[in-house]
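Subject: Structure for you to look at

Hi,

Here is the structure I promised to pass on. Please open it next to this message and follow along.

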Amino acid sequence: MRSVQRTPTRDTHASLVRDSSLVWLASGVVGVSFGAVSVAGGLPVWVPVLMSLVVYAGSAQFSAVGVLLAGGGPVAAVATGLLLNTRTAAFSLAVAEILGTGRATRFLGAHLVTDETVAFALAQPDPVRQRRAFWISGLGLFAVWNLGVLAGAVAGSALGDTARYGLDAAFPAVLVALVLPALRADATVRRCALPGAALALAVTPAVPAGVPVLLALAGLLLHRRPAAEGDTA
Amino acid sequence: MNTTLAVILALAVGTYAFRLVGPVLHGRVTVPPRVQELAGAGAVVLLVALLATGALTESGGFAGWARPAGVLVGAALAWRRAPFAVVVLAAAATTALLRLAGVG
């Protein structure tokens, strides 16, 4: 799959679509359950549907709706959702170059910055493939997520308990598959990421949702430039 | 204005603002190579932290054994360079089977 070919376009597209489709499938089912959960909790159909189109961030949507349904008040709902989404700022910096150069491209692409698309794009070996991966996985994910939410909201809670399908293990597994090559290849990144993740796990019981992952960035303090190899900068 | 609509719009505007940070800064300010390097490494750090907390925790507590076991099976397959589809499907299937067998 990684072989360098003279005309790689069709193969590249096919393999990107094939790998993306599993992420789409898992997200689609989560979207169905988001729609179903919201409506089953008493919200009108337009709430999950509009939220998915304009907010477009799974974990933040679940927590905002969770706070609303638990009677937590609008300010708490917004604060929780935004806190969870702060990480997209860091992600958007990491993929800024990948999105493309036109103004419309960048403004549209920004809306598609999610954990999934960033992980998928950054896992690709070269810039051309990174851009394709971002847009293919991003546009597909947006379509599937919103269709899933609509279907779930309309159908109510027909799917039942999605934990039965083990789908909650799918996204962490997607991340493992995507970040493992970077971790394997780069000792510096490994030295930041592993203590960062350990810190996030350690503080999870004590701090609000969204904070643990941000605190993991403290791992970057261990990021040293490879000065040994004649550093001139 | 309807409160729920206000919640949705506030979340949407705030989230989109976060997402615009990269594209807006890009090309406007010259980002030093060191910062670019850190942004790239930072993305991996965030993803690994998401993966660890996503695999092991649920609402601030332990997520039970079925999910981490499934992710571990996926990780082992990914380590052996199994195809992406195999990694993801094996993780979900392991977790589903463990739950079917009564493991939390």
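Predicted model: local features only at pLDDT ≥ 70, side-chain atom pairs only at ≥ 80, totals over all residues.

**Where the chains meet**

The crossing of α9(A) and α2(B) is left-handed. From α9(A), the contact uses A:Pro172, A:Leu175, A:Val176, A:Val179 and A:Leu183, while α2(B) brings B:Val44, B:Leu47, B:Val48, B:Leu50, B:Leu51, B:Gly54 and B:Ala55. Sorted by class, that contact of α9(A) with α2(B) has eleven nonpolar residues, one polar and no charged.

**Helix α8 and its partners in chain A**

Which residues of α8(A) does α7(A) meet? First the geometry: helix α7 (residues 115-122) and helix α8 (residues 127-155), both of chain A, pack at about 155° with their axes 8 Å apart. Since angles over 145 degrees count as roughly antiparallel, α7(A) is therefore roughly antiparallel to α8(A). The crossing of this pair, α7(A) and α8(A), is right-handed. As for the residues, A:Glu116, A:Thr117, A:Phe120, A:Ala121 and A:Leu122 of α7(A) meet A:Gln130, A:Ala133, A:Phe134, A:Ser137, A:Gly138 and A:Leu141 of α8(A). The contact of α7(A) with α8(A) comes to six nonpolar, four polar and one charged residues.

Helix α6 of chain A (residues 103-111) also packs with α8(A): the axes come within 10 Å and cross at roughly 55°. The two helices, α6(A) and α8(A), are therefore oblique to each other, and their crossing is left-handed. Here A:Thr105, A:Leu108, A:Gly109 and A:His111 of α6(A) meet A:Phe134, A:Trp135 and A:Phe142 of α8(A). By class, the contact of α6(A) with α8(A) has four nonpolar, three polar and no charged residues. A:Phe134 is worth a look on your screen, as it is listed in the contact with α7(A) and in the contact with α6(A).

**Annotated transmembrane regions**

For chain A, the unreviewed UniProt entry lists "transmembrane region" at residues 21-47, 59-84, 133-159, 165-185 and 197-222. In the model, residues 165-185 of chain A are 76% helix and 0% strand, with end C-alpha atoms 33 Å apart. Residues 59-84 of chain A are 85% helix and 0% strand, yet their end C-alpha atoms lie 7 Å apart.

For chain B, the unreviewed UniProt entry gives the feature "transmembrane region" at residues 41-63 and 84-102. Residues 41-63 of chain B are 70% helix and 17% strand, and the ends of the span are 27 Å apart at C-alpha. Residues 84-102 of chain B are 89% helix and 0% strand, with 28 Å between the end C-alpha atoms.

Best wishes

Terms used:
Residues numbered from 1 in each chain as written. Chains lettered and ligands numbered in written order. Heavy atoms only, no water. Axes fitted to C-alpha atoms, helices over the stretch in contact; angles between N-to-C directions. Helix = DSSP H or I, 4+ residues; strand = E, 2+ residues; numbered from the N terminus. Parallel < 35°, antiparallel > 145°, perpendicular 65-115°, else oblique. Left-handed = near helix turned anticlockwise from the far one by under 90°. Contact = heavy atoms within 4.5 Å. Nonpolar A, V, L, I, M, F, W, Y, C, P; charged D, E, K, R; others polar. UniProt positions renumbered as here; feature names shortened; annotations may be inferred.
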